[in-house]
Amino acid sequence: MIKFRILKRSRKSRARLGVIETPHGVIETPAFVPVATQAVIKTLTSEEVASTGSQLLISNTFHLHLKPGEDLVRRVGGIHNFMNWKRPLMTDSGGFQVFSLGFGMDFNSGKMFKGREDMPENLISMGSQPRNLKITEDGVYFRSPLDGKELFLGPKESIKIQGKLGADIIFAFDECTSPHANYDYVKKAMERTHRWAEICVTAKKSDQAMFGIVQGSRFQNLRKESAKFINSLEFSGYGIGGDLGDGVAGMNKVLDWTLPLLNDALPRHLLGIGYLGDMENVVKRGIDLFDCIVPTHYGRRGIAFVARGANSFDKLNLGKSLFLKDKDPLDKKCDCLVCQNYRRHYIAHLLRAKEITAMKLLTFHNLHFFSKFVENIRNKIKEGKI
RNA sequence: GCGCAGGUGGCAGAGCGGUCAAUCGCACUUGGCUGUAAACCAAGCGGCCUUACGGCCUACGGGGGUUCGAAUCCCUCCCUGCGCA
């Protein structure tokens with residue numbers, strides 16, 4: 001189990017400074033959670049990830065179930081041993097894959113709604129199913145986008161798998177709904193997610209901590225209903241999931257509707273968010289944890305996050321030819337191993353030469369940068385600045 | 001010197017009389033990415049004009065020809081590779 005202690009509450013906002021004690025050590029919150037979907041931060045060893053300052057990782061039930069299978073992971077002593085990660089770990093339930101491999105793939109869209117012009121004429125309504133999977137009352141029949149293999153994941157299955165994987169914190173199995181879903185669909189899916197949440201609570205036999213997930217998309221009454229319901233169940237913390245509405249404004253609204261209805265003494269995790277620009281905003285609304293693929297995913301595409309002044313940041317695309325002639329480190333003020341030892345022209349070259357080390361160096365730096373960025377936010381709470 | 005095979009956009013390589021400003025790939029440029037299907041995806045990539053549909057110009061080694069029409073056929077020159085002297 002875990003224990004969450006709030007060390008300080010901001011007077012200026014709903015931000016909190018805290019620590020989560022887990023069987024694998026302490027997490028200082030607010031914390032950023034790098035995404036290790038397949039039990040790895042792509043391109044890095046676990047020791048390297050630790051040296052970026054990352055406190056905990058989130059891995060994925062769906063992917064690890066597909067390969068190598070939870071039984072193998074359990075046999076080698078659980079996911080910590082398997083990947084040699086000594087610090088806290090969470091596993092996501094597979095609920096996001098209900099969206100990303102389902103309607104997300106069909107509509108070629110992400111879970112954030114970019115604007116009205118993205119909205120198709122026909123919204124997803126109840127009764128419609130994604131092309132590659134079938135969502136039923138009991139769970140979801142997936143079809144692997146890789147080899148077409150079918151597999152079933154429901155609340156019981158997800159919890160059982162996560163039990164075998166053995167992370168410190170697990171998530172209830174939910175349906176992450178699409179921003180293209182209409183009100184009726186979202187409501188029905190949310191109610192089904194609530195029924196699944198109850199099943200997850202009773203199915204859990206391990207002493208892992210489990211977070212319930214609030215759904216309800218961009219609809220205020222559904223979000224509130226979901227927050228109240230999830231709050232009424234025996235969870236160790238909460239995830240805010242699903243479609244967060246129309247950009248940052250939509251996300252803010254969702255957080256303002258839901259967080260005040262959740263038990264204040266438990267940690268709140270905002271699932272899948274974290275552009276750097278979102279972080280402080282989200283923390284001020286009462287979020288303690290958030291995970292995001294951006295530092296790793298963008299790193300592999302040549303993007304470096306660097307400081308601009310004291311409080312802002314830039315996104316550099318090292319793939320651009322001008323960086324071949326740039327002899328600065330990625331970030332002059334950064335004290336990470338990459339910035340201490342390598343320069344932009346070298347990384348730009350490696351990127352063009354398609355050398356994997358380019359991705360490794362960028363991933364390392366980005367994770368370090370994100371860690372520092374959140375550490376800075378913690379300090380601001382400590383100092384009463386936010 | 002003779003014989004054979006070739007010379008196409010930054011590279012590589014299709015096309016072999018009209019639908020060719022020229023397939024595909026690479027490179028290059030730009031854009032996208034928020035609980036990872038993702039070392040990925042999309043668009044552009046001779047020049048000029050147009051918001052757009054589209055239009056004009058210059059191009060398939062050089063030159064000349066045949067034809068209504070040539071990257072594609074013929075002649076000639078230059079160059080490259082291989083083989084034989």
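This is a predicted model: local features need pLDDT of at least 70, side-chain atom pairs count only at pLDDT 80 or more; totals for chains, interfaces and linings use all residues.
Residues are numbered from 1 along each chain as its sequence is written, and chains are lettered from A and ligands numbered from 1 in the order in which they are written.

**View 1. The surface near RNA strand B.** Around RNA strand B there are 47 residues, of which Gly 110, Cys 176, Gly 272, Ile 293 and Ser 321 come nearest; a residue is near a molecule or strand if its C-beta atom, placed from the backbone, lies within 6 Å of it. Two or more residues each are given to this surface by strand S5 (57-60), helix H5 (95-107), strand S14 (289-292), helix H11 (294-300) and helix H14 (356-382), with helices (H or I, at least four residues) and strands (E, at least two) taken as DSSP runs numbered from the N terminus. H5 provides the largest share, seven residues. By class, the surface divides into 21 nonpolar, 16 polar and ten charged residues, where Ala, Val, Leu, Ile, Met, Phe, Trp, Tyr, Cys and Pro count as nonpolar, Asp, Glu, Lys and Arg as charged, and the others, Gly among them, as polar.

**View 2. Phe 103 in helix H5.** Phe 103 counts as buried because 27 C-beta neighbours lie inside 10 Å; the term requires 20 or more other C-beta atoms within 10 Å of the residue's own, with exposed meaning 12 or fewer and partly exposed the range in between, and C-beta atoms are placed from the backbone. Leaving aside neighbours within four places in sequence, Phe 103 is in contact with Ile 124, Pro 130, Ser 178 and His 180, contact meaning that the C-beta atoms of two residues, placed from the backbone, lie within 7 Å.

View 3. S1 is joined to strand S2 (residues 16-22) by six bridges, two strands being paired if DSSP finds at least two bridges between them, and Lys 8 has Leu 17 in S2 as its bridge partner.

**View 4. Backbone exceptions in loops.** Most residues other than glycine have a negative phi, and most peptide bonds are trans. Thr 29 and Pro 30 are joined by a cis peptide bond with omega about 0°, Pro 30 being found in the loop between S3 and strand S4 (31-34). Ala 39 has a phi near 60°, a positive value in a residue other than glycine, and counts as buried because 22 C-beta neighbours lie inside 10 Å. Ser 217, in the loop between S11 and H8, likewise has a positive phi, about 55°, and counts as buried because 28 C-beta neighbours lie inside 10 Å.
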